[in-house]
Amino acid sequence: MGRIKIARITGAGVSTAGIASGQPGVDRRASTPVWWRHRVRAFDVAVIALIGVLVIGSSTTALRAQGDQQPGDELAALAAALHEPGPEAASRRQGAIFALLLRKDSPAHEVLQRAVLDPQSVAGCAQSILESLAVRIGQPQDPVFGDAEARARLVPLWGRVLARVFVAEGEEPGALPNAAALRGPALDGLRSLGVRERAQLLEALAAAEPSGLRRAALRMAGESRDVTLGAFLADRLGDSQLADTARGALARLTFVAEPFADRAAFERWQADHAKLTYLELAERAALDAQRHLEDARRAADARALDLRLQLVRALARTQSTDWRALSAATLGDGDGRETLAALCGELAGRVLGGEDLGGVVQDRVDFAAALAGRLDAGERPGEQALLLEALAYVSPGGPAGPPPEVVARLRAGLLSSDVAVRRAALRGMRRVPTETGRGWVVEAARQARVERDNDTLTGALECLRAPGYRAPSAEAADRAAWIAVLGEILRDGRAAPGIRERALDVAILRDGTRGPVAELFDVLLEVSRDDAAPIALRKLTVPRLMLFATDPASASRYVDALLGLLEVADPALRRVVAEQVATLPDGPTQELGEWRKRVVRKLSERILFDDDDRVGRRMIETLLSFAGEELAIGQVVGEFVAVAQRLSAVQDSSLQAWRRHAVVDALRVLSLDPRLDLANLLRLGEGLVALRAREGLLQLLERSELARADATDGTALARARLIVAAADLAPDPLDWTGREAEAARVVAAVDLLRRQSGAEPPAEQAVLQLEAICATGDSERTLQRGAELVAGPSLSSPLRARVEFVRARAHLARGELAEAARALLSLEATDELPVAAVDLWLELARARLAAREFTAAAELADRLLPRLADRPVRWRACFLLACEARLLGGGPSAALAADLDAHAPRFRTEATPAADRDRFESLLQRARGDG
């Protein structure tokens with residue numbers, strides 16, 4: 001006999017009335033009502049329906065608040081709510097689900113179905129939809145699914161969606177990436193249907209297209225736990241496309257040892273098992289597994305144990321616990337350790353969470369007595385610990401824990417020489433959050449630390465932070481011992497990994513007055529400063545220090561500690577500290593202001609020196625956060641400006657580049673703060689000038705109060721200097737294209753500076769103003785002022801070249817081509833012409849060509865060409881202009897054609913624009929006399 005395949009044992013079914021009517025109910029062949037499995041009674045359904053109505057009402061009200069909306073708009077709003085991300089939108093998503101499920105129209109349900117099938121849906125949304133559907137679809141009194149016409153229309157639509165959850169990867173129409181999480185609620189929805197309705201739905205799906213959907217329907221039938229669907233699956237054993245899937249699904253449904261070969265094999269099996277329920281089949285398979293042949297005993301025993309564990313876990317999870325069944329499953333013959341461990345694992349969370357386990361109280365008392373008897377008998381070595389822990393969870397009790405006799409057993413377990421028993425006792429002591437119980441646990445922790453018993457110490461610390469446990473109050477008898485043992489653990493450099501972190505979680509517990517244990521503040525300070533302590537522990541300690549900074553004295557020491565920790569060697573810890581100082585503890589206004597000043601000052605100092613860019617950026621972000629304080633914004637501005645000025649004196653390097661960018665960004669952010677007065681805005685401008693941040697400075701100057709140079713304003717000179725500095729920082733001072741408004745401001749600013757000082761501006765400012773005058777279009781003043789500057793003795797060669805360029809531009813604007821050429825050709829001695837000068841040279845050559853001054857145009861172009869070797873775009877334009885001028889001035893020429901031929905490779909490439917290629921070919925033909 002082969003290995004017996006047994007599925008998970010849980011019961012579900014429908015009633016005989018449901019079979020006849022097609023409506024859900026209670027199956028005579030299963031012991032658990034469908035809606036009881038969902039934990040929903042008729043009253044719950046009414047409440048859910050009321051919630052749905054309220055959700056629809058609130059949604060409709062919200063829509064009307066936006067204006068008159070069509071029904072489609074309401075549906076779109078509900079659909080949008082389904083896709084709102086984040087936990088804060090959970091209630092709106094759930095409300096949308098209820099609202100859509102309360103509608104009978106198909107489009108509303110299609111919105112939900114698309115959300116289930118959309119891989120991009122919000123996490124958990126698809127599962128919530130299917131869970132809500134499972135509750136609603138099985139209720140005869142449901143306002144939607146209780147309506148025969150709506151049910152007949154909607155159930156088939158939902159059936160296709162449920163089946164899609166069971167499409168295997170690679171099958172059409174495609175498997176869902178989150179299918180595993182959706183299969184449980186999908187099966188609940190299927191099981192909520194009546195027997196006939198379920199069978200009809202699966203029949204329709206098994207005939208549907210594509211083939212992947214048909215196979216999915218068979219898998220779903222195999223997981224349905226409805227043995228009446230065996231014939232449905234057996235009918236597909238003869239279909240070559242579906243046989244393998246049907247065979248596997250039928251094996252899961254019937255727990256047969258070997259899959260059925262054909263329909264006849266299934267009928268032979270059914271003749272002997274027709275009256276058995278799914279649960280009975282599972283139980284019979286479990287018994288059969290224990291009677292396997294000797295050569296398969298180990299595998300069968302493992303499978304049987306797995307089934308018992310599933311049974312124990314299923315029983316322990318039910319809302320109303322079946323204590324008799326649990327007692328039989330855990331204390332009967334078999335592997336007591338594993339079943340007890342499974343029982344403890346399931347009950348621990350429920351009991352410690354304060355959940356009412358339900359069930360018959362006397363049965364629970366009897367189970368506890370049986371556990372105690374087995375514990376006293378000591379019949380099974382190795383099970384003592386599990387029996388003790390299970391007794392702690394099973395025994396009824398109140399807020400103070402289990403009965404005194406059980407607490408006494410736990411106390412004795414804490415003193416046991418067996419480490420497993422001690423740990424079990426500590427797990428059980430989580431149910432005893434009394435002062436006495438806490439004292440016992442503290443003593444166990446102290447002894448375990450002395451003996452280096454890490455398992456027991458871990459259990460003690462986990463117990464001390466269990467639900468219900470608090471830190472000891474000032475009057476508690478165990479307060480001193482509690483403080484002492486935690487201090488010893490936190491200072492223990494030899495502690496095993498994770499021990500000190502657990503102790504830290506206990507140390508921050510609040511006492512009965514909701515306050516921390518102040519005596520541990522010094523211990524945490526010590527740990528945070530201990531260079532020998534693990535960085536992970538120190539990173540956890542720093543944020544927790546603030547919990548103890550509840551009075552001015554401890555708050556001041558806390559701030560001192562953070563400022564000192566900003567200089568530790570580890571960048572990860574510095575990053576945590578830099579983030580932590582953004583939030584200062586409460587304190588008197590004067591002291592809070594002083595703390596803020598110290599932190600801001602310290603951060604501004606460290607920004608310059610921290611060699612980790614992530615730490616530096618975190619410090620800058622923290623420093624910016626203080627600008628949100630009304631009293632601190634001026635200080636923050638001053639510190640950032642000081643940082644910028646100090647950075648300007650540091651030699652630029654790759655290590656400083658990120659710092660400059662980050663500080664510039666911070667200055668730009670601050671400049672947008674509407675609370676800043678003119679004085680602080682001007683200070684920000686000085687910082688931007690120091691870092692040569694032209695874009696940030698221009699953004700600052702866009703504020704009208706800074707862009708205006710008003711002689712009657714006391715800050716006019718400072719604003720004028722910023723305007724001039726911004727213009728001087730331009731990447732190409734000769735190019736003022738599109739900057740006419742800025743140019744006008746520069747002209748006015750330099751005039752203001754001249755009037756206020758009573759002297760001529762420095763040569764650099766004078767030349768800058770000349771360029772700005774030209775950009776405003778005042779050619780006459782440009783030529784007049786240019787002549788004055790050229791005649792003066794103070795111009796350097798670069799400045800004189802800039803003046804000649806401006807004069808050339810002004811002459812060209814006035815149509816004085818010869819004068820423009822003379823001024824421009826004086827720049828030939830310049831090592832490298834700016835782009836603006838090259839473009840002006842080309843513009844002048846084109847103007848002479850347009851004026852039919854062909855020789856002069858060709859000469860200008862020829863003199864410019866050698867300067868354009870590394871500027872291919874402008875070289876092509878200049879070369880074509882020179883050739884055209886020579887051609888127009890002298891006609892076809894063999895020398896010109898040869899020159900064009902020599903440069904043909906430059907123009908006959910894909911990189912050359914089509915217009916340049918066409919113009920080149922035209923000039924070549926004309927030079928040869930072909931055009």
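Here is a friendly conversation about a predicted model of one protein chain.

Trainee: Which elements build the protein chain, helices or strands, and how many helices are there?

Mentor: Let's start with the overall picture of this predicted model. The protein chain has zero strands. Its count of helices is 49.

Trainee: What percentage of the residues in the protein chain is buried?

Mentor: A residue counts as buried when its relative accessible area is under 20%. The protein chain has 931 residues, and the buried share of them is 50%.

Trainee: What share of the contacts with a separation of 6 or more comes from residues 24 or more positions apart?

Mentor: Here we look at contacts in the protein chain with a separation of 6 or more. Within that group, the part made by residues 24 or more positions apart is 66%.

Trainee: How are α5 and α7 oriented to each other?

Mentor: Helix α5 covers residues 90-101 and helix α7 covers residues 125-137. Their axes come within 10 Å and cross at roughly 40°, in a right-handed crossing. Angles under 35 degrees would count as roughly parallel. The two helices α5 and α7 are therefore oblique.

Trainee: Which residues of α5 meet α7?

Mentor: On the α7 side, the contact holds Cys125, Ser128, Ile129, Ser132, Leu133 and Arg136. By class, the contact of α5 with α7 has six nonpolar, three polar and one charged residue. The α5 side brings Gln94, Ile97, Phe98 and Leu101.

Trainee: Where does the cis peptide bond at proline 210 sit?

Mentor: The cis bond joins glutamate 209 and proline 210, with omega about 0°. Proline 210 is in the loop between α10 (195-206) and α11 (211-222).

Trainee: Why is α11 described as largely enclosed?

Mentor: Helix α11 has 12 residues and spans 17 Å from first to last C-alpha, close to the expected 16 Å. Its buried residues, including Leu213, Arg214, Arg215 and Met220, pack against α8 (148-164), α9 (179-191), α10, α12 and α13. The helix α11 is largely enclosed by the rest of the structure because its buried residues number 10 of the 12.

Trainee: Is arginine 225 buried or exposed?

Mentor: Arginine 225 is in the loop between α11 and α12 (230-234). Its phi is positive, about 65°, although it is not a glycine. The relative accessible area of arginine 225 is 13%, so it is buried.

Trainee: And phenylalanine 255, does it count as buried or exposed?

Mentor: Phenylalanine 255 is found in the loop between α13 (243-254) and α14 (263-273). This residue is not a glycine, yet phenylalanine 255 has a positive phi of about 60°. With 5% relative accessibility, phenylalanine 255 counts as buried.

Trainee: Which residues is leucine 562 in contact with, leaving aside its neighbours within four places in sequence?

Mentor: Leucine 562 lies in helix α29 (residues 552-565), and it counts as buried because its relative accessibility is 1%. Its C-alpha is 8.0 Å from that of glutamine 580, a residue 18 positions away along the chain. Leaving aside those sequence neighbours, the contacts of leucine 562 are Val542, Val577, Gln580 and Val581.

Trainee: How do α41 and α42 run relative to each other?

Mentor: Helix α41 (residues 779-791) and helix α42 (residues 797-813) have axes 9 Å apart, at an angle of about 150°. The crossing is left-handed. Angles over 145 degrees count as roughly antiparallel. The helices α41 and α42 are therefore roughly antiparallel.

Trainee: How many charged residues are in the contact of α41 with α42?

Mentor: Residues of α41 such as Leu783 and Leu789 meet residues of α42, including Val803, Arg807 and Ala810. By class, that contact of α41 with α42 has seven nonpolar residues, four polar ones and a charged group of three.

Trainee: What covers the buried residues of α46?

Mentor: Helix α46 (residues 872-890) has 19 residues and reaches 27 Å, close to the 27 Å expected. Among its buried residues are Trp875, Phe879, Leu880 and Leu887. Glycine 891, with a positive phi near 80°, follows the helix α46. The cover over the buried residues includes α44 (835-850), α45 (854-864), α47 (894-902), α48 (904-907) and α49 (914-928).

Terms used
Residues are numbered from 1 along each chain as its sequence is written. This is a predicted model: local features need pLDDT of at least 70, side-chain atom pairs count only at pLDDT 80 or more; totals for chains, interfaces and linings use all residues. Side-chain values use heavy atoms; hydrogens and water are left out. Helices (H or I, at least four residues) and strands (E, at least two) are DSSP runs, numbered from the N terminus. The expected span of a helix is 1.5 Å times one less than its number of residues. Buried means under 20% relative accessible area, exposed over 50%, partly exposed in between (1.4 Å probe, protein chains only). Contact means heavy atoms within 4.5 Å. Axes are lines fitted to C-alpha atoms, for helices over the stretch in contact, and angles run from 0 to 180 degrees between N-to-C directions. Angles under 35 degrees count as roughly parallel, over 145 as roughly antiparallel, 65 to 115 as roughly perpendicular and the rest as oblique. A crossing is left-handed if the near helix is turned anticlockwise from the far one by less than a right angle, and right-handed if clockwise. Ala, Val, Leu, Ile, Met, Phe, Trp, Tyr, Cys and Pro count as nonpolar, Asp, Glu, Lys and Arg as charged, and the others, Gly among them, as polar.
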